[in-house]
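Grab a pencil and work through these exercises on salt bridges, cores and pockets. Each task comes with a solution in steps.

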Amino acid sequence: MRKISILVISVFLFLGCKQKSIVHPTFYYWKTDYQNKKEETSYLDQFKSKSLYLRIMDVDFNPDLQLPVPISPIKFSDPLPKQIDIIPVVFIVNEVFNKIDTMQTAVMADRIVKFVAAKVKQAGKQNYAELQIDCDWTKGTRNRYFKFLEQLKANPLLKGKAISVTLRLHQVKNIVSSGVPPVEKAILMCYNMGNLRKYGEQNSILDQHEMDLYLKDYLERYPLPLDVALPIFEWAVVFRNGQYAGISKRIGKIQLGDKKLFKQRGNSILYDLLIDYPAAGLKKGDVVRWEQISTEDLLSTSKFLSRYLSPRDRNLVFYHLDTDLLKHFTNEDVQKVIANF
């Protein structure tokens with residue numbers, strides 16, 4: 001009996017002393033003009049961030065040229081702070097891989113590497129250690145996307161550099177059809193997980209039910225080392241006649257609080273537009289669903305993930321570096337989220 005008691009106590013002690021990850025907090029920078037704003041840079045200092053994930057450009061297919069082309073590449077009004085390493089990020093529209101063959105992906109890989117190298121120098125950096133590719137690949141594009149990643153790895157300009165990719169929830173669960181990308185590591189995108197286009201009160205940015213469904217039984221077994229990306233953004237999702245009409249960048253809490261413009265449906269996140277609102281391109285009767293992230297959302301998500309992620313050195317990346325978004329969270333709140341890992 002004594003042996004059994006000791007065994008039970010030992011098990012509880014083991015479970016209670018799960019090794020913690022070493023977490024490196026940082027941010028995505030997703031604007032088209034980098035400016036070293038004091039308020040934003042202070043957040044990097046505050047969380048002792050050593051790097052910044054910086055979107056270099058989008059890549060989409062141009063039907064006139066019949067080629068993939070850069071879209072809205074970043075410009076640098078200021079160099080990055082000396083103490084911050086750059087992690088360039090390139091977003092590739094998934095449809096690109098339905099439009100080009102493996103010879104064209106090789107050309108695209110070469111052009112991306114050279115484009116990134118030039119932008120890194122514009123940022124005031126001589127080198128970088130990691131290139132991240134952001135693409136929501138599917139079963140149909142998987143082979144060409146993975147071939148593209150292999151072509152990137154073979155590029156001499158990337159010798160000695162790590163390549164990481166973004167990983168959506170469905171790619172974790174559906175690992176047989178999605179495959180495992182041939183890279184060093186991935187970053188789990190813990191946002192945009194609900195159905196944005198579905199009319200209703202759900203928050204499409206972060207959904208605990210979706211995480212349970214796609215991650216609970218699958219995350220622990222995923223074979224690549226994983227970093228984590230969490231949301232701190234908010235947006236206004238517009239519906240017209242019950243149909244998705246887009247995301248309005250001209251609508252915020254101030255406009256929604258104007259009782260001459262909007263009427264909230266009880267305590268819900270749905271707002272009815274009372275008059276035409278040409279400045280935002282909206283019409284009377286349009287419905288806005290206001291989606292935002294709370295500290296409680298981040299805490300519950302970080303606790304959930306910590307149960308299934310193996311302990312390791314891990315980047316924790318908040319999307320994205322913006323003072324207007326970060327002012328909703330105290331330093332203490334963010335530190336609690338970090339500590340959960």
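**Exercise 1. Find the salt-bridge partner of Lys327, and say whether Lys327 is buried or exposed.**

Step 1. Lys327 pairs with Asp324, with 3.9 Å between the closest N and O atoms. That passes the rule for a salt bridge: a side-chain nitrogen of Lys or Arg within 4 Å of a carboxyl oxygen of Asp or Glu.

Step 2. With a relative accessible area of 57%, Lys327 is exposed. The scale here is buried under 20% relative accessible area, exposed over 50% and partly exposed in between, using a 1.4 Å probe and protein chains only.

Step 3. Before going on, know what you're looking at: this is a predicted model, where local features need pLDDT of at least 70 and side-chain atom pairs count only at pLDDT 80 or more, while totals for chains, interfaces and linings use all residues. Residues are numbered from 1 along each chain as its sequence is written, and side-chain values use heavy atoms, with hydrogens and water left out.

**Exercise 2. Work out which parts of the chain the salt bridge between Asp322 and Lys31 ties together.**

Step 1. The closest N and O atoms of Asp322 and Lys31 are 3.4 Å apart.

Step 2. Asp322 sits in the loop between strand 16 (313–319) and helix 11, and Lys31 in the loop between strand 1 (22–29) and strand 2 (33–34), so the bridge ties together parts 291 residues apart in sequence. Helices (H or I, at least four residues) and strands (E, at least two) are DSSP runs, numbered from the N terminus.

Step 3. Both Asp322 and Lys31 are buried.

**Exercise 3. Pick out the residues with the most contacts inside the largest nonpolar core.**

Step 1. A nonpolar core is a set of buried Ala, Val, Leu, Ile, Met, Phe, Trp, Tyr and Cys residues joined through side-chain atoms within 4.5 Å. The largest has 95 residues, and Ile92, Phe148 and Leu305 have the most contacts inside it.

Step 2. Strand 3 supplies the largest share of this core, seven residues.

Step 3. Leaving aside neighbours within four places in sequence, Ile92 is in contact (heavy atoms within 4.5 Å) with residues including Val59, Met108, Ile133, Asp134 and Phe148.

**Exercise 4. Describe the lining of the second largest pocket.**

Step 1. On a 1 Å grid over the protein atoms alone, a pocket is an open set of points where a 1.4 Å probe fits, with protein on both sides within 12 Å along at least five of seven lines; lining residues have an atom within 4 Å of a point.

Step 2. Among the lining residues are Met57, Leu67, Val107, Arg111 and Phe115.

Step 3. Strand 3 (51–62), strand 4 (67–71) and helix 4 (102–122) each give two or more residues to this lining. Helix 4 gives the largest share, six residues.

**Exercise 5. Name the residues nearest the centre of the largest pocket, and the strand that gives most to its lining.**

Step 1. Of the 43 lining residues, Asn192, Phe233, Trp235, Ile247 and Tyr319 lie nearest the centre.

Step 2. Strand 6 gives the most to the lining, with three residues.
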